[in-house]
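Dear colleague,

I am handing over the structure shown below for your review. My findings follow directly after it.

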Amino acid sequence: MKAAILFEAKRPLEIHDVTIDKPGPREVLVRTAACGVCRSDLHFVDGAYPHAMPTVPGHEAAGVVEAVGSDVTRLKPGDHVITFFTAFCGSCEFCVSGRPSLCIDSSVRRPEGAAPKLTLADGTPIAHFLNLSAFAEQMLIHENACVAISRDMPLDRAALLGCAVMTGAGSIFRDSQVSPGETVAVIGCGGIGLAAVNAAKIAGAAKIVAIDPVPEKRVLARRMGATHDLDAMAPDVVKQVLKLTNGGVDYAIEAVGRTNTAEMAWNVLRRGGTATILGMIAPGQSVSIPGPTFLSGKKLQGSLAGSMQFPIDLPRLVQMYLDGILDLDTMVAERIGLADINHAFDNLRRGDAVRSVIEFA
């Protein structure tokens, strides 16, 4: 099969033939239909986060099950699935307490010494990326790294649910549990931020303030439900939010991954408000919060994958799209082939595009 391989950080990905192993116990082989190109991938491609090399990046995908290994009980060949990078074991403390996104049980990965899932033509093992390695024509994954969905769902839109949408929507539905009439600020209007804006609209938020330096992204945020939009580079942007919302928002969602935007999320909160940090802040960086502001009852929390309960929440998001409630179409900036993967990363570096979606024949 063809796959996009990263041999070294800060270098372009290369398309090569790759050998994929047969499914082992609790593994499924998925024919990739579509994969979104996410800024989280870029963090690894550009070396901000380390990873073993060579590797096949990609973690926001959907496809069709081709084969299953022994002990697989929930899936069968022909099932349409959304994949997710936070494979869960289903039996640890995090899983049984409803927090599968926090599972780190090693049982979802092949044991040490087992055959690699992916190899180059010369036999060199390829490091599996975030349990998926989705920039490839096929994925060999644990059964708890995907969920079956309705065949009515277009797979190019379904792919977005595997990272951007579940993270952004989860920050509203799970992390914040926004109630009708409350106020929300979303900082960063890429894929995750736009999903948070749309989810806040669905949740019935009274005011949804979209904050981003790119005017075109703010236009998209308006289309997806924002009631107000502000330029993130304005020197008085925090004051503008406080004025718009009579003292601050109930919930702030940070979807950028920078220290200054995390601090902004804290500063736009009203007393007792909650800031949720979704962005991947680079290792070695820290967020500065004035100590006395904790006396205002504000809360700061992190989140991985929107704290989603994947087998429950992803099919529900699919149904929301099919019912015309959830907007995924606006998020897709372009559809490309695997050969254009480096072009998609260049778009992300410029910061002026939302989502490039790779479609596989």
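The lining of the second largest pocket comprises 16 nonpolar, 5 polar and 3 charged residues. Please note that this is a predicted model. In total, 24 residues line this pocket, and those nearest its centre are Val108, Arg109, His128, Leu130 and Asn131. The volume of the second largest pocket is about 550 Å³.

I turn next to an open sheet of 6 strands, which pair in parallel in the order S12-S11-S10-S13-S14-S15. Its edges are formed by strand S12 (228-230) and strand S15 (299-302), each of which pairs on one side only. On average, and ignoring direction, neighbouring strands of this sheet are turned by 15 degrees against each other.

At one end of that order, strand S11 (residues 207-211) is joined to S12 by 3 bridges in the parallel sense. Within this pairing, Ile211 has Leu230 of S12 as its bridge partner.

Helix H3 (residues 155-176) lies across four of these strands, namely S10 (183-187), S13 (249-254), S14 (269-277) and S15. The helix runs at about 135 degrees to S13.

Finally, Arg258 deserves a separate mention. This residue is located in the loop between S13 and helix H7 (259-267). Is Arg258 buried or exposed? Arg258 has a relative accessible area of 53%, and residues over 50% count as exposed, so Arg258 is exposed.

With kind regards

Note on methods. Residues numbered from 1 in each chain as written. Predicted model: local features only at pLDDT ≥ 70, side-chain atom pairs only at ≥ 80, totals over all residues. Heavy atoms only, no water. Pairing = 2+ DSSP bridges. Helix = DSSP H or I, 4+ residues; strand = E, 2+ residues; numbered from the N terminus. Axes fitted to C-alpha atoms, helices over the stretch in contact; angles between N-to-C directions. Contact = heavy atoms within 4.5 Å. Buried < 20%, exposed > 50% of the residue type's maximum accessible area, 1.4 Å probe, protein only. 1 Å grid on protein atoms, 1.4 Å probe; cavity = no way out; pocket = protein on both sides within 12 Å on 5 of 7 lines; lining within 4 Å. Points joined across faces, edges and corners; volume = space filled by probe spheres on them. Nonpolar A, V, L, I, M, F, W, Y, C, P; charged D, E, K, R; others polar.
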